[in-house]
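Here is a short report for a first look at this model. Read it with the structure open beside you.

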Amino acid sequence: MDGSKIRSLSGGANQSGLRNHNERLLLSMLQRGGAMPGSDLARIAGLSPQTVSVILRKLEKDGLLARGAPVRGKVGKPSVPMTLAPDGVFSLGVNIGRRSAKVVLMDFTGVIRAEVSTTFSYPLPAEIFAFIRSGLDELTSTLTPDLQQRLCGIGIAAPFELWNWHEMVGASAEEFALWKGVSFQDEIALFSDLPVHVVNDATAACRAEHVYGRGKEFRDYAYFFVAAFVGGGIVLNHSVFEGHQGNAGALGSLRSVGPNGESRQLIDIASIHLLEARLSEVGLDPNGLWESDDWSPYARYVEPWIRQTAQELAKAALSTCAVIDFEAIMIDGGLPPDVKETLVERTRRYLLNQDTRGLITPQVEAGTIGRQARELGAACSPIFSQYLLNTNSGLTL
């Protein structure tokens, strides 16, 4: 075997690396579990109370943790719960969509402090980067100079291979070819020195659900985000798995069969743009799909769309479970809550009628983040990268 083909293992962990790992572990435990005293953190993490105490003091000194009110009434000294300090870290998240873009400012606890948005016929580089620049200026100006020093980075949620989007948004191939070869890092470096993290938009939504939503309940699951174009993400071992090229969990590309037996992708038969097109065909304004959580005026057309989408999600769910034994399938998206619940329930029902030989049928659950998932997940990316524990990688050295 050619030795040059063998991939290197992760490096060993020196004392600095171990400490960094333990800091991330405790921050992740507080992020997932809420306020806890050092004694509980030590017990759950399997670390000595002295080690935890030293780390907590350092993190508090760095402004990343805050002390809660002492809990009295037990034997011994009152326990003092520690919690993430909201002003400890800030990040910026950008979501680039089919018809709109948004920039948000988020704090360490996942609260969006401010946001700006814009709309367009379709996204092109010059307009997008001009909007990002003005959005960053506007949002960072809301922070004091001291808090601006706590900005840790910019997360960008964008569809994979934007230059192939032209047919989906009704633009010319020549216009969208402008995206080919564009580096978000290089373009943003022209007006900001913050680190830039680029992530697939559906993977960003998956991260938002995993960090701030119901994803905490499961170790391994597949995530479907039903928007204008359906996409997805996967979580393994309590962490979002992005893959070698950042495109793991591209569930919108799963194969299916069209009405005439032709090969189709999930994105072509289980996306909101199909419902939008149907409404336009019958002379209805489809803008309400994006602007309102009340789809009842379109009920006659929403029902068959839910039926088809649920059927396809049920088949796609089993396809993913044939590769990885997921314990759950999570479904979220830019949907009104009642439509999402109906879609989830219908998917469960169709799953019962599928051929599951050789498979363990996963439970199907509704996500909780909804329309804000992509920008929230984008903003989470730099925070996660620098402060929280990724159990799918080696120790950060």
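Buried means under 20% relative accessible area, with exposed over 50% and partly exposed in between (1.4 Å probe, protein chains only). Strands (E, at least two residues) and helices (H or I, at least four) are DSSP runs, numbered from the N terminus.

Strand 4 (residues 90-96) pairs with strand 5 in the antiparallel sense, over seven bridges. Pairing requires at least two DSSP bridges between two strands. Asn95 faces Lys102 of strand 5. Three residues form the hairpin link from strand 4 to strand 5.

Strand 6 (residues 112-119) also runs antiparallel to strand 5, joined by seven bridges. Leu105 has Ala114 of strand 6 as its bridge partner. Four residues lie between these strands in their hairpin, where Gly110 takes a positive phi near 90°.

## Basis of the model

This is a predicted model: local features need pLDDT of at least 70, side-chain atom pairs count only at pLDDT 80 or more, and totals for chains, interfaces and linings use all residues. Residues are numbered from 1 along each chain as its sequence is written, and side-chain values use heavy atoms, leaving out hydrogens and water.

## Helix 15

Helix 15 is mostly covered, with 13 of its 15 residues buried. A bend of about 30° occurs at Cys380, and Pro382 follows within four residues. The bend is the angle between axes fitted to the seven residues ending at a residue and the seven starting there.
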